[in-house]
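Colleague: I would like to learn how to read a few features of a model from its backbone angles, strands and surface. Could we take them one at a time?

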Amino acid sequence: MPQHAQITRVCRDCDGFATAAITTGTRHRDGTRATLRIVCPTCQGTGHTAPAALARTGR
């Protein structure tokens, strides 16, 4: 009998790519690039969103 996978809702704003590393163009003393880690403000970096019914009740 097939197993049913639990459906996780992907964030509409980031399409599941919740974190991005952006280079600033500068380098550290050891030669590595300075980067900023930016997270999606909607899903707070998880890539998933809660169903609307759960979000309204605060669960």
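Colleague: Is aspartate 15 buried or exposed?

Modeller: This is a predicted model, so the values are computed from predicted coordinates. The word "exposed" is used for a relative accessible area over 50%. Aspartate 15 has 56%, and therefore counts as exposed. Aspartate 15 sits in the segment before strand 1.

Colleague: What is the phi of aspartate 15?

Modeller: Its phi is positive, about 55°, although aspartate 15 is not a glycine. Glutamine 44 is another residue other than glycine with a positive phi, in this case near 60°.

Colleague: Where is glutamine 44 placed, and is glutamine 44 buried or exposed?

Modeller: Glutamine 44 belongs to the loop between strand 2 and helix 1, residues 52–57. With a relative accessible area of 60%, glutamine 44 is exposed.

Colleague: Now the strands. How many bridges join strand 1 to strand 2?

Modeller: Two strands count as paired if there are at least two bridges between them. Here six bridges join strand 1, residues 19–27, to strand 2, and the two run antiparallel. They form a hairpin with five residues between them. In the turn, glycine 31 has a positive phi of about 100°.

Colleague: Which residue is the bridge partner of isoleucine 22 in strand 2?

Modeller: Leucine 36 is that partner. Both residues also contribute to a nonpolar surface patch of about 260 Å², together with Ile38.

Colleague: What does arginine 33 touch, leaving out residues up to four places away in sequence?

Modeller: Contact is a matter of heavy atoms within 4.5 Å. By that test arginine 33 touches Thr23, Thr26, Arg27 and His28. Take threonine 23: arginine 33 is 10 residues from it in sequence, and the C-alpha atoms are 6.7 Å apart in space. Arginine 33 itself lies in strand 2.

Colleague: What is the relative accessible area of arginine 33?

Modeller: The value is 44%, so arginine 33 is partly exposed.

Methods: Residues numbered from 1 in each chain as written. Predicted model: local features only at pLDDT ≥ 70, side-chain atom pairs only at ≥ 80, totals over all residues. Heavy atoms only, no water. Patch = residues over 30% accessible without salt bridge, like charges linked within 9 Å, V, L, I, M, F, W, Y side chains within 5 Å. Areas by Shrake-Rupley, 256 points an atom, 1.4 Å probe, with all protein chains shown as cover. Salt bridge = Lys/Arg side-chain N within 4 Å of Asp/Glu carboxyl O. Helix = DSSP H or I, 4+ residues; strand = E, 2+ residues; numbered from the N terminus. Buried < 20%, exposed > 50% of the residue type's maximum accessible area, 1.4 Å probe, protein only.
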